[in-house]
Amino acid sequence: MTAHPPLPTLRPLLDPSPEYAKWRTEEPIRRVTIWGDNSPWLITRYEDARAVLADPRFSADATRDGFPGFRPQSPPRAPGQFFMMDPPDHTRLRAGS
């Protein structure tokens, strides 16, 4: 198994960790470790993040199996948390209908 670097969490003041700038240049899409063997992909460039967020193959639903949450078990979704939903439910709630 390949060891991936940990997700950088130490930051100077409100700036992002310095690793992000380095990775944005050298390896803008890379694996990181967040806990245990959980190694999701980290995207450091705006254009790449927009592409992933617009791609229906990716999910925002933290209750799905394999979702790379920051804890071993995702907390249940509270009513009104549509930012953790996928279309069509997200779209319907955001539109207010």
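Start by selecting Thr-44, in the loop between β2 and α2. Helices here are DSSP runs of H or I, at least four residues, and strands are runs of E, at least two, numbered from the N terminus. Thr-44 is buried, at a relative accessible area of 12%. Buried means under 20% relative accessible area, exposed over 50%, and partly exposed in between, with a 1.4 Å probe and protein chains only. Now show what Thr-44 touches: Tyr-20, Trp-23, Arg-24 and Pro-28, not counting residues up to four places away in sequence. A contact means heavy atoms within 4.5 Å.

**Before going on**

This is a predicted model, in which local features need pLDDT of at least 70, side-chain atom pairs count only at pLDDT 80 or more, and totals for chains, interfaces and linings use all residues. Residues are numbered from 1 along each chain as its sequence is written, and side-chain values use heavy atoms, with hydrogens and water left out.

Colour the chain by pLDDT, the predictor's confidence in each residue, from 0 to 100. The chain averages 81, and 82% of the residues score at least 70. Confidence is highest in strand β1 (residues 29-31), at a mean of 94. It is lowest in helix α3 (residues 89-95), at 76. Where pLDDT is low, the predicted coordinates should not be read in detail.

**The whole chain**

Switch to cartoon. The chain has three helices and two strands. From the N terminus on, the order is α-β-β-α-α. Of the 97 residues, 21% are buried. Among contacts between residues at least 6 apart in sequence, 36% join residues at least 24 apart.

**Helix α2**

Select Asp-48, in helix α2. Is Asp-48 buried or exposed? Asp-48 is buried, with a relative accessible area of 17%. Leaving aside neighbours within four places in sequence, Asp-48 contacts Pro-28, Ile-29 and Ile-43. Pro-28 is also among the residues that Thr-44 touches.

Go to Asn-38, in the loop between β1 and β2. Asn-38 is buried, at 14% relative accessible area.

**The largest pocket**

The largest pocket holds about 1300 Å³ of space. Select Val-52, Phe-58, Ser-59, Ala-60 and Phe-67, the closest to its centre of the 37 lining residues. On a 1 Å grid over the protein atoms alone, a pocket is an open set of points where a 1.4 Å probe fits, with protein on both sides within 12 Å along at least five of seven lines; lining residues have an atom within 4 Å of a point. The elements that give two or more residues to the lining are β1, β2 (41-43), α2 (46-54) and α3. Helix α2 gives the most, with four. Colour the lining by type: 23 residues are nonpolar, six polar and eight charged.

**Last stop: Leu-13**

Finish at Leu-13, in the segment before α1 (18-26). Check the backbone: phi of Leu-13 is near 50°, a positive value in a residue other than glycine. Leu-13 counts as exposed, at 80% relative accessibility.

Technical notes. Points joined across faces, edges and corners; volume = space filled by probe spheres on them. Nonpolar A, V, L, I, M, F, W, Y, C, P; charged D, E, K, R; others polar.
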